[in-house]
Amino acid sequence: ASSALGAILAVLASLIIAANALVAIALLCLIQKSGSKGLYFVLNLAVADAMVGFTVLGLVMDEFSQPFYPPQIFCVLRMAFVTSSSAASILSLILVACDRHLAIRKPFHYFQLVTGLRVGVRLVGLWLVAAIIGFLPVLTPGFQKTSTGEKCSFFGVFHPTYMLTVFCVGFFPALFLFIYLYCDMLKIASVHVQHIREMEHAGLAGDCPPSRTTSDVKAMRTVAVLIGCFTLSWLPFFIASIVQTVCSECFSYKVIENYLWLLGLCNSLLNPLLYSYWQKDMRLQLYQLAASVKRRVL
């Protein structure tokens, strides 16, 4: 069973790293061409997801080296890196959604508001918050559980109080913020459509309003897909984990860690794939990269 889980984790981690590395290269090329500061948030999402893949590789080595019973501090640090990377990925999704929301709400002031300095401050703050979330058990020993001589796992090293704190303070506020941003974008888009219809009735509609509406729809579609995949990937794990912390006999923690957690990790693989599929610029850039590699090989 450990070998099978290790093989699944190895394949998943390899795909996560490869997909996000490819998307990160394409995003760097797009940033050089367009100079869009908002793409740095998407680039940061790819970097965070790639780090999730690298941290999972450490767990793969544990699975293939059974029996392996490391000391407590080793397990705490390892799971802290996993938690920090996952938190950075979730926070990056929030920044991407906020950036698209700002582009729709204030399109004429977007480039004045999204400057390089502000983007840098937000990204630094993101990684600081992610590090605090992940390494809180290291700084606060009360959030650690006494070692039982088992392999490294969330429920083996983290206290239920820490798990509940992360879920209630981190995941659910992020989910509610996603829903609020998307509903607000829907409201703004409906107002734009109403204005366009009024202009059409008055005979004043030109080429700009329809293109603006198309841009809004694309942004909303991207955010909706990211939110949907985030919810489907992580919600089962968080709900089952909360039930597990409250009622230890209601769920088997092995089911949560071996199956539901793998589903959550799949979100780091879906993010680059979905963003590449839904964004025309990304598809074109990836095609150009593939054509360039093909020319060099041939």
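Phe237 and Phe238 are both buried. In this predicted model, the two residues also form an edge-to-face aromatic pair, with 5.5 Å between ring centres and 70° between the planes. Phe238 takes part in a further ring pair, with Trp234. The protein chain around them has ten helices and zero strands.

**Aromatic pairs**

- The count of aromatic pairs comes to eight.
- One of them joins Trp234 and Phe238, which are tilted relative to each other, at 5.6 Å centre to centre and 40° between the planes.
- Trp234 and Phe238 lie about one helical turn apart, because they are four residues apart in helix α8 (residues 208-246).
- Trp234 has a relative accessible area of 5% and is therefore buried, the cut-off for buried being under 20%.
- Phe238, at 6% relative accessibility, also falls in the buried class.
- Elsewhere, Phe143, Phe158 and Tyr162 are linked into a cluster by ring pairs.

- Asn44 sits in helix α2, which covers residues 39-64.
- Is Asn44 buried or exposed? Its relative accessibility is 8%, so Asn44 counts as buried.
- The side chains of Asn44 and Trp127 make a polar contact at 2.8 Å.
- Apart from neighbours within four places in sequence, the residues in contact with Asn44 are Ser92, Leu123, Leu126 and Trp127.

**Nonpolar surface patch**

- A nonpolar patch on the surface is formed by Ile73, Phe74, Leu77 and Phe81.
- Together these four residues have about 340 Å² of accessible area.
- Phe81, one of the patch residues, belongs to helix α3 (residues 72-105).
- With a relative accessible area of 46%, Phe81 is classed as partly exposed, because that class lies between the buried limit of 20% and the exposed limit of 50%.
- The value of 46% for Phe81 also meets the patch requirement of over 30% relative accessible area.

**Whole chain**

- Along the sequence, the secondary structure of the protein chain reads α-α-α-α-α-α-α-α-α-α.
- The protein chain has 298 residues, of which 44% count as buried.
- Its accessible surface comes to about 15,400 Å², and carbon and sulfur atoms account for 70% of that area.
- Of the contacts between residues at least 6 apart in sequence, 78% join residues at least 24 apart.

How values were computed
Residues numbered from 1 in each chain as written. Predicted model: local features only at pLDDT ≥ 70, side-chain atom pairs only at ≥ 80, totals over all residues. Heavy atoms only, no water. Patch = residues over 30% accessible without salt bridge, like charges linked within 9 Å, V, L, I, M, F, W, Y side chains within 5 Å. Areas by Shrake-Rupley, 256 points an atom, 1.4 Å probe, with all protein chains shown as cover. Salt bridge = Lys/Arg side-chain N within 4 Å of Asp/Glu carboxyl O. Helix = DSSP H or I, 4+ residues; strand = E, 2+ residues; numbered from the N terminus. Buried < 20%, exposed > 50% of the residue type's maximum accessible area, 1.4 Å probe, protein only. Polar contact = N/O pair within 3.5 Å; in protein donor to acceptor, adjacent residues only side chain to side chain. Contact = heavy atoms within 4.5 Å. Phe/Tyr/Trp six-rings, centres within 6.5 Å; stacked < 30°, edge-to-face > 60°.
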